Amino acid sequence: MRKSNINNNKGFSVFWPTLICSCLLAEIISAKPTKAPQQYNVERVTPALELGEGPHWHSPTRSLYFVDLHQGKINRYHPESNSFFSASIEGYSDVTLIVPIENKADMFVVGLGPSLGIVQWDGRSNTTSQPKYKKLVDETPGNRLNDGKADATGRLWVGSMGSEMADNPGHYHKHLGSLYSVEPDGSINKRLSNVSISNGMAWSMDNKVFYYIDTYKFAVEAYDFDITTGDLTNGKVIFDLVANKVAGDPDGMTIDKNGNLWVACFNSNHILKIDPITGTLLTTVQLPAYQVTSAAFGGPELDELYVTTAGYQLTEAQKAKRPYSGAVFRVTNTGSTGLEGVPAKAHLCPENQLHTI
């Protein structure tokens, strides 16, 4: 156990024990001799948040951006200085995603409830500019946006979900959400309907396959993808968590350079490494958290896996047992290398009556 000096955005240092786990990767290998288990390290790099989500590695600033969803905050972790910064978007309680804008320093597309907007943030201040170019994406009453990412062309993809059930906290109305793509001029295309909780997205290395998670399907799906038009066709399940007896709810997702998917599982303490071609579970990485939400590769060599977690609606007993559920963890020595986050393309022009991005 050692101490980590992490600077916050108020200019002083906060000390806490940094958790480092030397663990074993559980390898599942079909019809092959058992290999020696692989060592890996899990290290906490931020304080615990309520609902960390949407990690995006931004190479120009060498930083990880992510949100604290229900607290209306966007965050930045800078590994080189081991610094953590957080900013509120005043007037908004649900900030669901953050994606940097291509060639626009300090400008970000953010999810604001059911809408998108653009804010300016220097990565250090404790507040952002007020959102501009705000655009309503999902018009269904009670719905909000969830995960969002840009594809290789810079086209932004965002999904939505139904509201939380008043009589069943932590559960959400099903089949009310959708998956959308947003063109640089702000035009919106609905790509999938009847979605319950739109979550993880990833694209194959050749950009011919789109991987997608609708959490309440408890599966990872693959679609044929046309990067020119954005069309999705021939959807199929490539990994079923229930059939594979994997606990948890599939949430956010990333892909490594070998084409393997890394799937975070909410209501669990693990992230899965899956071969989408064979549908094989290759590795399970365990973390000291109850709710694992998403992941992104980052660092100078893109070989550090940053995993967001949550501590949403935990009991006091759960908080005492895993007090850092909600922190961002860095997983190293996975043997995998990923891809940096793709910034969104947006044509910024004076606001008009259409409030188009």
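Predicted model: local features only at pLDDT ≥ 70, side-chain atom pairs only at ≥ 80, totals over all residues.
A salt bridge, as I use the term in this notebook, is a side-chain nitrogen of Lys or Arg within 4 Å of a carboxyl oxygen of Asp or Glu.

**Entry 1: the chain as a whole**

I began with the overall make-up and noted that the chain has 1 helix and 27 strands. Of its 357 residues, 55% count as buried. I then looked up the accessible surface of the chain, which comes to about 15300 Å², with 50% of that belonging to carbon and sulfur atoms. For contacts with a separation of 6 or more, I found that 49% are made by residues 24 or more positions apart.

**Entry 2: salt bridges**

Which residue forms a salt bridge with arginine 330? I found glutamate 43, and the closest N and O atoms of the two are 3.1 Å apart. Arginine 330 belongs to strand S27 (residues 328–332) and glutamate 43 to strand S4 (residues 39–44), so this pair ties together parts that are 287 residues apart in sequence. I also checked the burial of both partners, and arginine 330 and glutamate 43 are each buried.

Next I turned to aspartate 151 and arginine 155, whose side chains meet in a salt bridge with an N to O distance of 2.7 Å. Buried means under 20% relative accessible area, and aspartate 151, with 0%, is therefore buried. Arginine 155 has a relative accessibility of 4% and so counts as buried too. I noted as well that Asp151, Arg155 and Glu183 are linked in a network of salt bridges.

I looked up one more pair, aspartate 231 and arginine 191, where the closest N and O atoms of the salt bridge are 3.1 Å apart. Aspartate 231 lies in the loop between S19 and S20, while arginine 191 is in strand S16 (residues 188–195), so the pair ties together parts that are 40 residues apart in sequence. Are the two partners buried or partly exposed? Aspartate 231 counts as partly exposed, at 39% relative accessibility, whereas arginine 191 is buried, with a relative accessible area of 17%.

**Entry 3: the sheet from S17 to S20**

I followed an open sheet of 4 strands, in the order S17-S18-S19-S20, with antiparallel pairing. Strand S17 (198–203) and strand S20 (232–240) are the edge strands, and each of them pairs on one side only. From one strand to the next, the twist averages 25°. Looking at one pair in detail, I saw that strand S19 (residues 219–225) runs antiparallel to S20 and is joined to it by 6 bridges. Within this pairing, alanine 222 has lysine 236 in S20 as its bridge partner.

**Entry 4: the sheet from S21 to S24**

Another open sheet has 4 strands in the order S21-S22-S23-S24, again with antiparallel pairing. Strand S22 (residues 261–266) and strand S23 (residues 270–275) pair in the antiparallel sense over 4 bridges, and I found leucine 261 standing opposite isoleucine 274 in S23.

**Entry 5: glycine 248**

I then looked at glycine 248, which is found in the loop between S20 and S21. Glycine 248 has a relative accessible area of 16% and is therefore buried. Leaving out residues up to four places away in sequence, I found that glycine 248 touches Phe218, Leu241, Cys265, Phe266, Asn267 and Ser268. Glycine 248 and valine 292 are 44 residues apart in sequence, and their C-alpha atoms are 9.0 Å apart in space.

**Entry 6: aromatic rings**

Last, I looked up the aromatic pairs, of which the structure holds 15. For tryptophan 203 and phenylalanine 210, the ring centres are 5.3 Å apart and the planes stand at 50°, so I recorded the pair as tilted. Tryptophan 203 is buried, with a relative accessible area of 9%, and phenylalanine 210 counts as buried at 0% relative accessibility. These two rings are part of a cluster in which ring pairs link Trp157, Trp203, Phe210, Tyr212 and Phe225.

Definitions and conventions:
Residues numbered from 1 in each chain as written. Heavy atoms only, no water. Pairing = 2+ DSSP bridges. Helix = DSSP H or I, 4+ residues; strand = E, 2+ residues; numbered from the N terminus. Axes fitted to C-alpha atoms, helices over the stretch in contact; angles between N-to-C directions. Buried < 20%, exposed > 50% of the residue type's maximum accessible area, 1.4 Å probe, protein only. Contact = heavy atoms within 4.5 Å. Areas by Shrake-Rupley, 256 points an atom, 1.4 Å probe, with all protein chains shown as cover. Phe/Tyr/Trp six-rings, centres within 6.5 Å; stacked < 30°, edge-to-face > 60°.
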